[in-house]
Amino acid sequence: MAALLTAIGLTKTYGKGNTKVTALDDVSFAVERGTLTIILGPSGAGKSTLLNILGGMDKADSGVLAVDGSNVADYSQQKRAKYRRDKIGFVFQFYNLMPNLTAKENVELATEMRGDKAMDPVAILNKVGLGHRVNNFPSQLSGGEQQRVSIARALAKNSDLILCDEPTGALDYQTGKDILSILYNLVKEGKTIIIVTHNSALQEMGDHLIRIKNGKIVSDELNPHPKDIKDIEW
Ligand SMILES: Nc1ncnc2c1ncn2[C@@H]1O[C@H](COP(=O)(O)OP(=O)(O)OP(=O)(O)O)[C@@H](O)[C@H]1O
Ligand SMILES: [Mg+2]
């Protein structure tokens, strides 16, 4: 299998002097196409920082990020925008829904960018269990419902690489499992998914587990026998 994504020596610091924080410190790993990777780490470990860089929302200070053979780290702002639009489905930790658009319109906004490649917004909202809430605004939805709109938005783009930041953080146990099953089925259909989370229960469901702490990778192992979602408890 060829790696879809390879990170080499990604480093990111915030601030200067006394307030300097090294959010990512020489992070290197590779992700194979058609796999589910779980990146596990405690709060403040650098998970969102890493995912934002992988998704082209942010730039590392140094390092290489090769996706599909080209170095995203070298991209101009314009090229990164195209990368985000065409290659990435992103589930934000804090949802980032447009408050003045309904659930359906939030998903449509993302699908418009993808033209024919996109999936039907209402079908995807149905899939995440929100068929009855398509015309509601984010402020009229619970936290978990907003999170599912944000997941639907990422999935509807039908991009090859889906990056999920704590995708079950606001969901109850059963809904969380339903969402993880949807994600895992997409992997079986050929998508590549990376989930970052602090929930160690998810560590056994991936094909690949990377642990991160204080901005550094502390372990990186493949899991030849991922656990079925229905057998995962938390
Ligand atoms: N824009 C920023 N400016 C300054 N420091 C930042 C910024 N973003 C993140 N940090 C710091 O970088 C470190 C990593 O943050 P990050 O958000 O990546 O952690 P995380 O693993 O996603 O945590 P959580 O599980 O709480 O979401 C933290 O110490 C955080 O305070
Ligand atoms: Mg985070």
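Strand β2 (21-32) and helix α1 (47-54) each supply at least two residues of the shell around ligand 1; helices (H or I, at least four residues) and strands (E, at least two) are DSSP runs, numbered from the N terminus. The model is predicted: local features need pLDDT of at least 70, side-chain atom pairs count only at pLDDT 80 or more, and totals for chains, interfaces and linings use all residues. Residues are numbered from 1 along each chain as its sequence is written, while chains are lettered from A and ligands numbered from 1 in the order in which they are written.

Helix α1 gives the largest share of the shell, three residues. In total, 14 residues surround ligand 1, and the closest are Tyr 14, Ser 43, Lys 47, Ser 48 and Thr 49. A residue counts as near if its C-beta atom, placed from the backbone, lies within 6 Å.

| Helix | Residues | Contact residues |
|---|---|---|
| α3 | 103-112 | Ala 103, Asn 106, Val 107, Ala 110 and Thr 111 |
| α5 | 143-156 | Val 149, Ala 152, Arg 153 and Ala 156 |

Residues are in contact if their C-beta atoms, placed from the backbone, lie within 7 Å. The axes of α3 and α5 come within 8 Å and cross at roughly 25°; axes are lines fitted to C-alpha atoms over the stretch in contact, with angles from 0 to 180 degrees between N-to-C directions. The two helices are therefore roughly parallel, a term for angles under 35 degrees.

Strands β9 (residues 208-213) and β10 (residues 216-222) run antiparallel and are joined by six bridges; strands pair if DSSP finds at least two bridges between them. Ile 210 has Asp 220 of β10 as its bridge partner. Two residues lie between the strands of this hairpin, where Asn 214 takes a positive phi near 45°.

Notes. Parallel < 35°, antiparallel > 145°, perpendicular 65-115°, else oblique. Contact = placed C-beta atoms within 7 Å.
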